[in-house]
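Me: Can you walk me through this one? I'm new to it.

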Amino acid sequence: MELQEGEPLEADEFDALDLDDDADLDGGIIPDDYDDLDDYDDYEDASPDEIDFAVAMYREDGAPIVMELAPAFANDLDEFIAQLRRLPGDAGALGAVSIAGEFFVLCRVRGRTVQVLLNDGGAANDWPIARDVVDYLGIDVPDPDDDIEPVGDLGILVDQGVSEFDMDNIVDDIDEDSDELVRQIVKQLKFDTQFNKVIGR
């Protein structure tokens with residue numbers, strides 16, 4: 001099965017991809033019980049209408065590739081990481097999710113290394129994937145009345161040209177919608193042409 005830009009991939013379609021998996025990575029990314037730490041009964045998945053986008057980005061032989069992912073991957077960090085692990089990439093794969101213009105999650109997978117960034121920790125009070133990020137990092141869910149603060153690794157893309165200073169400035173812009181903040185990051189990474197073709201403007 002060939003990877004095609006612009007076509008959302010469902011979970012079962014990933015299983016059909018002829019991509020190499022590194023057996024040594026099994027169990028090396030996600031704590032076995034991180035998503036069982038809290039009761040998720042009060043968390044409703046973001047609906048397709050609430051999901052601005054869920055994408056995977058990587059470079060193959062230097063060429064930028066952007067792929068839209070199915071809505072299910074915007075609600076489960078565990079599954080999101082699993083799909084990113086399956087993708088080829090010169091520097092690993094980067095996933096980006098934006099929900100309702102309110103917050104975004106970046107996740108980068110390189111071998112055993114997984115980095116995550118949530119631009120608004122307070123979103124963990126309302127949205128499943130944001131709560132997953134907080135649990136994955138092993139930190140308390142921020143008080144919803146606290147000021148908006150990012151959680152995770154601001155240096156997630158330093159080696160790709162987005163400095164911690166640049167990332168901090170982006171996530172600090174609380175007046176801009178989260179999907180537009182991701183577009184700023186995508187532009188700095190020089191994935192914007194492919195991103196706009198897949199997601200639209």
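Me: Is strand E5 buried or exposed?
Reply: E5 is largely enclosed by the rest of the structure, because 5 of its 6 residues are buried. Buried means under 20% relative accessible area with a 1.4 Å probe, protein chains only. Strands are DSSP runs of E, at least two residues, and helices are runs of H or I, at least four, all numbered from the N terminus.

Me: Where do these numbers come from?
Reply: This is a predicted model: local features need pLDDT of at least 70, side-chain atom pairs count only at pLDDT 80 or more, and totals for chains, interfaces and linings use all residues. Residues are numbered from 1 along each chain as its sequence is written, and side-chain values use heavy atoms, leaving out hydrogens and water.

Me: Which strands are joined to E5?
Reply: E4 is joined to E5 by 6 bridges, antiparallel. E6, residues 151–152, also runs antiparallel to E5, with 2 bridges. Strands pair if DSSP finds at least two bridges between them.

Me: Which residue stands opposite Val151 in E6?
Reply: Leu118 does.

Me: And what's in the hairpin of E4 and E5?
Reply: There are 2 residues between the strands, and Gly111 takes a positive phi near 60°. Arg110 stands opposite Thr113 in E5.

Me: New topic. Which residues touch the most others in the largest nonpolar core?
Reply: Among them are Leu77, Phe80 and Leu118, in a core of 35 residues. A nonpolar core is a set of buried Ala, Val, Leu, Ile, Met, Phe, Trp, Tyr and Cys residues joined through side-chain atoms within 4.5 Å.

How values were computed:
Buried means under 20% relative accessible area, exposed over 50%, partly exposed in between (1.4 Å probe, protein chains only).
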